[in-house]
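Here is a short report on one protein chain. Keep the sequence and the 3D view side by side as you read.

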Amino acid sequence: MALRYDYYLFDFDGTVAETGEGIRRSVAYSLEKLGRPVPDKSVLDRFIGPPLHDSYMEYCGMTEAEAEHAIEVYRERYVDIGLYESELYPGIAMLLRALHRAGAHVAIASAKPQFMLERLAAHYGIDKYLDAIAGTGLGRHSADKQDLILRALPEGADLSRACMVGDRRYDIEAAKALGMTAVGADYGYSLPGELAGAGADAVFGDVRTMSAYLLGGEAPRGLFLSLEGSDGCGKSTQIALLKEYLLKRGFEVVLTREPGGCPISERIREVILSLDSKGMSDECEALLYAASRVEHVREVIEPALKCGKIVICDRFLDSSIAYQAYGRELGEGFVRQINEPATKRAFPELTLLLELNREESRRRMANGAPLDRLEIEQEDFFSRVRQGYDALAAANPGRIVRIDASRTIEQVFEAVRGAVERLL
């Protein structure tokens with residue numbers, strides 16, 4: 001990937017994260033506690049981004065001393081509550097990851113206090129992508145944005161190869177004064193025309209188009225994760241937990257399943273799993289799975305990956321190898337060949353194999369939904385399936401992570417989370 005710049009700096013509020021809710025509520029809290037009128041949302045929005053001290057003076061008519069006291073009251077609520085009333089903008093985490101993996105210097109330069117920035121970066125898991133964080137000290141009345149930018153850059157950095165991304169004129173003006181490229185994040189808290197008026201070299205209304213620009217014309221590709229294992233191993237529960245975890249860290253997530261995931265593939269699923277399909281030949285079954293998969297990849301998985309999303313799929317090719325190549329004894333070569341139209345377009349970077357012994361699997365399924373055509377197979381079939389998963393895990397230790405699914409939901413998720421964090 002040919003990056004447009006060597007150094008990428010980001011403001012935080014309104015650029016990396018949508019922090020408005022916590023800031024507005026904490027400003028309102030401070031004004032109420034000080035017996036002052038609370039302005040409407042349009043005024044409270046002006047507190048997002050610039051130094052608080054300046055905003056209290058400009059928008060509430062406070063003296064310097066009054067503004068300093070107001071900040072102390074503001075932090076009574078903000079530090080423990082308001083700080084976390086925020087979320088990363090969709091796509092930001094994937095952009096930071098792509099820049100970091102491409103070898104760029106990635107940093108935050110924000111008027112927010114340093115300890116708050118560090119706490120939020122760790123909370124959202126983006127600290128691993130950052131080379132520097134430059135914030136203010138609690139005792140400072142205001143922040144010099146140029147100084148913050150310079151502190152976020154390594155010594156001797158070529159400023160002509162640096163880019164500052166921000167949602168307010170302060171970010172743009174400081175970057176231009178230093179001879180840097182200035183990119184406006186118009187999806188943040190800027191006023192109409194504010195960023196272009198401040199001299200931004202480019203202005204973007206969403207993270208995706210901004211990402212393509214910053215990365216030299218190519219938006220970051222998403223990640224493909226799959227979960228495998230016997231029925232009853234808890235895949236559905238872990239997938240739901242993983243989705244929630246990733247969403248909180250600013251990733252866009254698509255959940256899907258196989259067979260199925262799109263209208264045509266769901267119809268094929270009904271045919272494959274229905275008890276009315278007893279007597280279906282093993283070759284027909286394998287071909288139906290492959291047909292379902294190629295449509296699923298074309299309609300759901302590939303488009304989501306192109307949009308920079310994380311796809312979490314309940315089963316993929318590994319299931320076909322375990323169940324058809326080993327369970328049906330059709331051979332791995334045949335199964336891989338018929339699935340090539342799908343797998344050449346998309347394949348999981350990480351597969352989580354939830355392992356559960358057959359006895360526990362049967363126990364968990366006893367009180368569940370009626371069994372489908374594959375679930376009523378004989379024990380020797382499931383023994384071969386397990387052999388297939390064992391062979392796949394042994395042959396692909398870098399992709400397939402084996403997880404003991406007999407433990408508690410919380411313990412299993414810790415292992416799932418750890419494997420995904422290592423990938424990210």
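In which sense, left-handed or right-handed, does H3 pass H4? The crossing of H3 and H4 is right-handed. (A crossing is left-handed if the near helix is turned anticlockwise from the far one by less than a right angle, and right-handed if clockwise.)

This is a predicted model, where local features need pLDDT of at least 70, side-chain atom pairs count only at pLDDT 80 or more, and totals for chains, interfaces and linings use all residues. Residues are numbered from 1 along each chain as its sequence is written, and side-chain values use heavy atoms, with hydrogens and water left out.

## The chain as a whole

The protein chain has 19 helices and 13 strands. Helices (H or I, at least four residues) and strands (E, at least two) are DSSP runs, numbered from the N terminus. Along the principal axes, the C-alpha atoms fill a box of roughly 85 × 45 × 35 Å. Of the 424 residues, 55% are buried. Buried means under 20% relative accessible area, exposed over 50%, and partly exposed in between (1.4 Å probe, protein chains only).

## Two helices that pack

Back to H3 and H4. Helix H3 covers residues 52–60 and helix H4 covers residues 64–78. They pack at an angle of about 120°, and their axes are 9 Å apart. That angle makes H3 oblique to H4. Angles under 35 degrees count as roughly parallel, over 145 as roughly antiparallel, 65 to 115 as roughly perpendicular and the rest as oblique. Axes are lines fitted to C-alpha atoms, for helices over the stretch in contact, and angles run from 0 to 180 degrees between N-to-C directions.

## Salt bridges

How many salt bridges does the structure hold? It holds 36. A salt bridge is a side-chain nitrogen of Lys or Arg within 4 Å of a carboxyl oxygen of Asp or Glu. Three of them are listed here.

| Aspartate 6 | Arginine 161 | 3.1 Å |

Take aspartate 6 and arginine 161, a salt-bridged pair. This pair links distant parts of the chain, 155 residues apart. Aspartate 6 sits in the segment before strand E1 (7–10). Arginine 161 is in the loop between helix H7 (145–152) and strand E6 (162–166). Aspartate 6 is partly exposed because its relative accessibility is 36%. Arginine 161 is also partly exposed, at 29%.

Aspartate 45 lies in the loop between helix H2 (41–44) and H3, and arginine 24 in helix H1 (residues 20–33), so the pair ties together parts that are 21 residues apart in sequence. Both residues are buried.

Glutamate 194 and arginine 168 are both buried. Shared partners also build one network of salt bridges, with Asp45 and Arg24 among its members.

## Two isoleucines

Is isoleucine 239 buried or exposed? Isoleucine 239 is buried because its relative accessible area is 6%. This residue is in helix H11 (residues 235–248).

Isoleucine 376 lies in the loop between helix H17 (358–365) and helix H18 (379–395). At 36% relative accessibility, isoleucine 376 counts as partly exposed.
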